[in-house]
Amino acid sequence: MSPFVQHNFSGQKALIRVDFNVPLDKLTYAIGDDNRMRAAIPTITKVLKEGGSVILMSHLGRPKEGPETKSSLIHIVGHLQQLITAAMGAAVFVQFANDCIGNEAVEKSAALKPGEVLLLENLRFYKEEEKGDAEFAKKLSILGDVYVNDAFGTAHRAHASTAVIAAFFETGKKMFGLLMEGEVKAAELVLHKAEKPFTAIIGGAKVSDKILIIENLLERATDIIIGGGMAYTFMKAQGGQIGKSLCEEDRLGTALEILKKAAEKGVTIHLPSDSIIADNFAADANTTVAPSNTIPDGWMGLDIGPDACLQFAAAIRRSKTILWNGPMGVFEMEKFQNGTKTIAIAVAEATADGAFSLVGGGDSVAAVNQFGFADKVSYVSTGGGAMLEYFEGKVLPGIAAISE
């Protein structure tokens with residue numbers, strides 16, 4: 001049983017680092033996507049139900065010069081209150097502190113009664129947060145009796161509230177929340193306990209963004225599917241004609257090296273045999289199907305083609321472990337979403353047949369949500385950059401600070 005599940009929060013103030021960095025409308029400040037908020041609710045409600053109180057700290061946006069209205073967490077208080085109230089089955093009032101440190105934060109934290117919630121103002125209104133300033137971390141630490149890190153999305157940053165603060169809490173009084181535990185458990189299962197065949201689906205625009213993750217997966221996966229814009233760098237590296245498709249000329253050698261390493265290790269690299277090509281990067285562009293290595297001049301690949309869909313889906317369906325990071329095409333445009341949707345369906349079908357599937361990375365998560373498959377895969381990660389770095393084999397400061 002995990003330390004968080006074992007811990008009884010009765011009479012304690014839990015200082016919880018959450019990731020409430022949600023998109024806000026520029027005019028109305030309405031929340032565009034509340035998934036990150038919803039993901040933290042189980043951790044918050046466990047503390048409240050056991051008779052503890054909760055102090056929430058988060059960042060929002062990228063404020064550069066201190067406090068600014070558009071990045072204030074006050075905009076999410078009402079919705080947060082609704083989410084907690086619904087989960088608790090009784091009205092819960094969320095208090096707000098206009099600063100994350102200082103007199104108001106200290107006084108409101110000290111006055112919290114069991115079952116009450118306090119949300120602190122944006123941590124990044126202080127430059128000390130991103131600098132990992134120890135004095136700033138200490139000022140945050142005095143607000144709670146117990147520190148809970150439930151912000152996997154920021155676990156790859158050595159910031160004051162995600163890593164440095166843990167040093168001010170003794171063992172037994174610092175722990176991961178339920179979301180963080182779930183993220184780490186899912187990632188560990190894929191990285192270190194994967195049942196074979198293990199298929200990694202890697203998409204997105206650039207090889208350079210995914211080199212480290214591919215190289216790390218060459219040691220673990222049996223199959224690696226490569227789609228999205230990055231596939232055309234591999235096609236050109238092998239002498240193919242790719243028209244005006246996306247290509248990183250300075251990564252052609254890297255692509256060949258990856259293919260060579262894969263062959264040496266017995267890992268099957270799946271590249272799209274055909275593509276949906278367009279004469280323009282636009283929703284109303286003219287389209288046709290072409291082999292991915294013979295795309296005419298003036299045309300570009302914007303999605304995997306029908307043969308590639310069949311090939312990729314077959315590899316996915318015979319897998320026992322699946323990692324999906326990155327789309328197969330420009331799925332935001334309807335004409336170029338079939339490849340990504342096909343992958344989502346295949347991952348869902350494999351999961352129904354007993355495979356463990358982990359979807360991580362902003363675009364992949366957006367795709368499974370858009371196509372309605374989020375509840376048909378084993379785990380959907382909330383941490384884009386953090387998940388990517390974890391699969392690159394890097395140590396994440398937010399995890400190390402608790403695990404040490």
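**Exercise 1.** Is Gly 361 buried or exposed?

Solution. The model is predicted: local features need pLDDT of at least 70, side-chain atom pairs count only at pLDDT 80 or more, and totals for chains, interfaces and linings use all residues. Residues are numbered from 1 along each chain as its sequence is written, and side-chain values use heavy atoms, with hydrogens and water left out.

Step 1: buried means under 20% relative accessible area, exposed over 50%, and partly exposed in between (1.4 Å probe, protein chains only).
Step 2: Gly 361 has 12% relative accessibility, so Gly 361 counts as buried.

**Exercise 2.** Which residues does Gly 361 touch, leaving out residues up to four places away in sequence?

Solution. Step 1: contact means heavy atoms within 4.5 Å.
Step 1: under that exclusion, Gly 361 touches Asn 325 and Gly 384.
Step 2: the C-alpha atoms of Gly 361 and Met 387 are separated by 7.0 Å, with the two residues 26 apart along the chain.

**Exercise 3.** Find the members of the largest nonpolar core that touch the most other members.

Solution. Step 1: a nonpolar core is a set of buried Ala, Val, Leu, Ile, Met, Phe, Trp, Tyr and Cys residues joined through side-chain atoms within 4.5 Å.
Step 1: a separate second core holds 31 residues, among them Phe 4 and Phe 96.
Step 2: with residues up to four places away in sequence not counted, Phe 391 touches Ala 187, Val 190, Leu 191, Ile 213, Asn 216, Leu 323 and Leu 358.
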